[in-house]
Amino acid sequence: MGKLFNLDSPVMQGLSKVVDLVVLNLMTVLCSLPVITAGAASAALYDAVTRMLQDEGRLYSSYWNAFRSNFKKATLLWLIVLVVGCLLSLSVLFYLMQEITGGFVLLMLTGTALLLWAITAAWVFPLQARFENSVRGTLKNAVLCALAYLPRSLAMAVLNLLPLALFLFFPDIFLRIGFVWLSIWFALAAYLNCRILSKPMEKLIAQAQPQQPEE
């Protein structure tokens, strides 16, 4: 029993991670309340969760540092992602409600564009958190990575959009488990996404490192 509560035991390490995820989730929710800051909060969350997976300390101070350092670019990325997502969603709703010539074709094209948006958005903030790049460069790499790792991208998109889907189609369930969103969900989704991204990120980091000249 004593070993069970040892700080180095798997149980205690697991509980420690849960506590860290809860705290990081609360920090992200609070930092996202102005809405416009949600991008910086997301980039900071991915930075902190990555450090957690690498067993680096000082997660909370690292979160604030990442929030400040990523604020400008992450905010621009968030605004682009938000506006494009809203426009595509409204277009899908419009074609669903209107009977116009070629409406089905337009609906399929717009739906495909919305799917591409969803899988691209899943990569934007993990890339922003890990790599120094321009806004345009991050968006370009997000599109390329989303298509290159399509099954992983779809899994991340499902995790990211689950709360929104429940809110739109099953509001009762969304409200009943509202404590999950506030307490841990966003940090847990980022944690799972980082696990999904672990191998692709290793390849991207290796490609980004300068090649050593042969002697």
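Leaving aside neighbours within four places in sequence, which residues is Asn70 in contact with? The first legend below answers this for a predicted model.

**Figure 1. Asn70 in helix H3.**
Asn70 lies in helix H3. The residue counts as buried, because its relative accessibility is 9% and the limit for buried is under 20%. When neighbours within four places in sequence are left aside, Asn70 is in contact with Ala43, Thr75 and Gln128.

**Figure 2. The whole protein chain.**
The protein chain has 9 helices and 0 strands. Read from the N terminus, its elements run α-α-α-α-α-α-α-α-α. The C-alpha trace spans about 70 × 60 × 30 Å along its principal axes. Of the 215 residues in the chain, 38% are buried. Among contacts with a separation of 6 or more, 71% are between residues 24 or more positions apart. The accessible surface comes to about 13300 Å², and 69% of this surface belongs to carbon and sulfur atoms. The chain carries 15 positive and 11 negative side chains, and the centres of these two sets lie 2 Å apart.

**Figure 3. The largest nonpolar core.**
This core holds 54 residues. Those that touch the most other members are Leu24, Leu45, Val49, Tyr63 and Trp123. The elements giving two or more residues to the core are helix H1 (10-32), helix H2 (38-53), helix H3 (59-97), helix H4 (103-130), helix H5 (135-148), helix H6 (150-169), helix H8 (178-196) and helix H9 (198-208). In soluble globular proteins, nonpolar side chains tend to be buried together. For Leu45, the contacts beyond four places in sequence are with Leu24, Thr28, Tyr63, Phe186, Ala187 and Ala190. Two of these partners, Leu24 and Tyr63, are also named among the core residues that touch the most other members.

Trp78 has its place in helix H3. Along the chain, Trp78 and Leu93 are 15 residues apart, and their C-alpha atoms are separated by 22 Å. With neighbours within four places in sequence left aside, Trp78 is in contact with Val35, Ile36, Ala38, Gly39 and Phe125. Val35 is not a glycine, yet its phi is positive, at about 70°. Most residues other than glycine have a negative phi. The relative accessible area of Val35 is 46%, so this residue is partly exposed.

**Figure 4. Asp55 in the loop between H2 and H3.**
Asp55 also has a positive phi, of about 60°, although it is not a glycine. Is Asp55 buried or exposed? Its relative accessibility is 65%, so Asp55 counts as exposed; the limit for exposed is over 50%.

**Figure 5. Leu107 in helix H4.**
Leu107 is buried, because its relative accessible area is 15%, and buried means under 20%. Leu107 and Phe94 are 13 residues apart in sequence, while their C-alpha atoms are 8.8 Å apart in space. Beyond four places in sequence, the residues in contact with Leu107 are Val92, Tyr95 and Leu96.

**Figure 6. Leu139 in helix H5.**
Leu139 and Leu127 are 12 residues apart along the chain, and 9.0 Å separates their C-alpha atoms. Not counting residues up to four places away in sequence, Leu139 touches Leu77, Ile80, Thr120 and Val124.

Cys194 counts as buried, because its relative accessibility is 10%. Cys86, whose relative accessible area is 41%, is partly exposed.

Key. Residues numbered from 1 in each chain as written. Predicted model: local features only at pLDDT ≥ 70, side-chain atom pairs only at ≥ 80, totals over all residues. Heavy atoms only, no water. Buried < 20%, exposed > 50% of the residue type's maximum accessible area, 1.4 Å probe, protein only. Helix = DSSP H or I, 4+ residues; strand = E, 2+ residues; numbered from the N terminus. Contact = heavy atoms within 4.5 Å. Areas by Shrake-Rupley, 256 points an atom, 1.4 Å probe, with all protein chains shown as cover. Lys, Arg positive; Asp, Glu negative; His and termini not counted. Charge placed at Lys NZ, Arg CZ, Asp CG, Glu CD. Core = buried A, V, L, I, M, F, W, Y, C linked by side-chain atoms within 4.5 Å.
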